[in-house]
Amino acid sequence: MAQGSFVAQQLERLRPIWETMLGHRFLIETRDGTIQPERFIDWMRQDYWFVERSSEFMAALIPRAPRHHWRELCNVIDGLDKELKLFEDRAAAVNIRLRDAQPSFTNHAYIQFLLSTAYRASYPEAYTVYYVAEKAYFDSWSVVKAGIATDSPWYPFVEHWAGEGFGQYVRRIGQQLDTIAEEAGTELREAMAEYFELTTKYELAFWEMAATGETWPGVDD
Ligand code: MP5
């Protein structure tokens, strides 16, 4: 396999999917202020559930992580609590209830994927999933940041995920992932690449779910 940064290689390999994700109509309409409020609110309800459940994914990684990763992983869990507060604050600002929705099929599947990865895959594979989810959010919200009005009620989400601090954090964990990949053998690196791809596809599916207001296949509600 070619040498060089694992992250850069994977982003290059998966560029078509990554670009489809960044051009997704949900992001473009949120950027341009043309998104239907109910679509955005739906996303808020789904992502609130996702963030809450993903604390189990992060917590499950800690006992499997090398000692020098512990502080960062604990900080992420602390960050999830702050994120939930951000959702609660925005929900209060637009006067909606966050718990008015069941997790959609895609959201439920993504969380099951995170949990099975945390418990059954190797730490390098699980760390790959963690990195890709964070990188996808940084890049996606950076698209929105490029045009959204700063007085939009959704702007605090942009400030959070497309902000300087989040960007630095994503770069740091990308470097850690490169270090893990350098120490991995060819077979493990290939397995990590598969997890990179699957997570990218789940991230794209999440925007698609938000744009369509998907619930469960075949169920009318
Ligand atoms: C993240 C998220 C970012 N909130 N939702 C999805 C579907 N993917 C990624 O993770 P975090 O922990 O909220 O920064």
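Biologist: Which ligand atom is 3.3 Å from the side chain of Tyr137?
Modeller: A nitrogen atom of the ligand is 3.3 Å from an N or O atom in the Tyr137 side chain, a polar contact (a pair of N or O atoms within 3.5 Å). This is a predicted model, in which local features need pLDDT of at least 70, side-chain atom pairs count only at pLDDT 80 or more, and totals for chains, interfaces and linings use all residues. Residues are numbered from 1 along each chain as its sequence is written, and side-chain values use heavy atoms, with hydrogens and water left out.

Biologist: Which elements give two or more residues to the shell?
Modeller: Those are α4 (37–61), α5 (70–93), α7 (123–145) and α10 (186–212); helices are DSSP runs (H or I, at least four residues).

Biologist: What about the oxygen side of the ligand?
Modeller: A polar side-chain atom of Glu83 lies 2.4 Å from a ligand oxygen atom, and an N or O atom in the side chain of Glu134 is 2.7 Å from an oxygen atom of the ligand.

Biologist: Changing topic, how many aromatic pairs does the structure hold?
Modeller: The structure holds 34, counting rings of Phe, Tyr and Trp (its six-membered ring) with centres within 6.5 Å; planes under 30 degrees apart are stacked, over 60 edge-to-face and the rest tilted. Among them, Phe50 and Tyr110 are tilted, at 4.9 Å centre to centre and 45 degrees between the planes.

Biologist: Where do Phe50 and Tyr110 lie?
Modeller: Phe50 is in helix α4 and Tyr110 in helix α6 (residues 105–120), 60 residues apart, and the pair links distant parts of the chain.

Note on methods: Polar contact = N/O pair within 3.5 Å; in protein donor to acceptor, adjacent residues only side chain to side chain.
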